[in-house]
Amino acid sequence: MASITIRNIAKKFGEFTIIPGLDLEIADEEFIVFVGPSGCGKSTLLRIIAGLEPSTSGELFIGETKVNDVPAAKRDIAMVFQDYALYPHMTVYDNMAFALELRGMTRAEIDQRVRRAASLLHIEPFLERKPKALSGGQRQRVAMGRAIVRDPKVFLFDEPLSNLDAKLRGQVRTEIKALSQELKTTMIFVTHDQVEAMTMADRIVVLKGGEIQQFGRPEEVYETPANQFVAGFIGSPAMNFFNIRRAGEGFVFEGAPHLAAPVPEALKPALGDRSEAVLGIRPEHFLPSEGAVGVLSVTIDLVEPLGSDTLTHFDLAGVRTVARVNPELRPRAGERLGFVAPAGKVHLFDRTDGRAIR
């Protein structure tokens, strides 16, 4: 098993900079998720760690060993791709055993490793099948098994669930998380899906433009986002944002100066003498209320029932807004509802650079 240390790693393609210079420390046995929008550099960074892509500058260590000039085959890592990349003419057993045969292992040791991996992934009944006789989820398990049998120092996953339907994606996601706890091996998982990031990671690396926006535990990233980008990217549906400006001891919503609210006491010192900011409220933190002081009265435009809860869409201060409510409320389009937002659940961000105001 091994830790991973990245020191000022940069990557350029010609004059185009993908990663301008990145530092990261990943502890031994951690499950780390790289998450961010398309083009943020997460897969490029994973490929640099794997040795499939050289860095332009910087240093990369796996354990205590600097591996910048070590070829991928000798880094003792295993990678699972979005494409299963299984040999179609080989059985599941042979697909998993092939790399071990190339290493010259004994038949007994190969058999032991293959059957152990098959047991962990619940694919023992499929060992004699060929890939064409398997479902997408079963093929992905075989690809994972092929990595597990190698017993590497580090596992790398490059969006391995993208080709699966929603139900299978949730099932395999749970299995990968359970696998990480069973194997206790350092794992890095790349995804653009923030739900996968939140449910799987020990710590999340949120990337944008090749730069780390925040690195922390899932609950930390959700509850105390470092900036407006992280706040908007983590959470589903996304956080609602409103431009606000100071008015006396409180603030008003731009575009709706009749909507006023006090500045939360805890945020007054951080807010300082700023005359404007961005206010963020997550959909789940809007609380339905009738006759409450400071209530926001809105007309519901659209209702999305999800079973466990319901999403309501409405216009607030000229901003298309979403609130998550209890389905027992049974809201309907055209109805008026009142909402309040607890002061402790409100986020403020600097209007200029998007940094969180705490």
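Mentor: We begin with a definition: two strands are taken to pair if DSSP finds at least two bridges between them. In general, the strands of a sheet pair through backbone hydrogen bonds, either parallel or antiparallel. Please keep in mind that this model is predicted.

Trainee: What is the strand order of the open sheet with mixed pairing?

Mentor: That sheet has six strands in the order β6-β7-β8-β3-β9-β10. Its edge strands are β6 (77-80) and β10 (211-216), each of which pairs on one side only. From one strand to the next, the twist averages 15°.

Trainee: In which sense do β7 and β8 pair, and over how many bridges?

Mentor: Strand β7 (residues 154-158) and strand β8 (residues 186-191) are paired in the parallel sense, over five bridges. Within this pair, Leu 156 stands opposite Ile 188 in β8.

Trainee: Which strands does helix α5 lie across?

Mentor: Helix α5 (residues 166-183) lies across β3 (31-35), β7 and β8, and runs at about 165° to β8.

Trainee: What does the UniProt record annotate for residues 4-234?

Mentor: The unreviewed UniProt entry carries the annotation "domain: ABC transporter" for residues 4-234. In the model, this span is 37% helix and 26% strand, and its end C-alpha atoms lie 25 Å apart.

Trainee: What is the strand order of the open sheet with antiparallel pairing?

Mentor: The order is β13-β12-β11-β14-β20-β21, again for an open sheet of six strands. Strands β13 (256-262) and β21 (356-357) stand at the edges with a single partner strand each, so one side of each is left without a neighbour in the sheet.

Trainee: Over how many bridges do β20 and β21 pair?

Mentor: Strand β20 (residues 347-349) pairs with β21 over two bridges, in the antiparallel sense. Here Leu 348 has Ile 357 of β21 as its bridge partner.

How values were computed. Residues are numbered from 1 along each chain as its sequence is written. This is a predicted model: local features need pLDDT of at least 70, side-chain atom pairs count only at pLDDT 80 or more; totals for chains, interfaces and linings use all residues. Side-chain values use heavy atoms; hydrogens and water are left out. Helices (H or I, at least four residues) and strands (E, at least two) are DSSP runs, numbered from the N terminus. Axes are lines fitted to C-alpha atoms, for helices over the stretch in contact, and angles run from 0 to 180 degrees between N-to-C directions. Contact means heavy atoms within 4.5 Å. UniProt positions are given in the numbering used here, feature names are shortened, and annotations may be inferred rather than shown by experiment.
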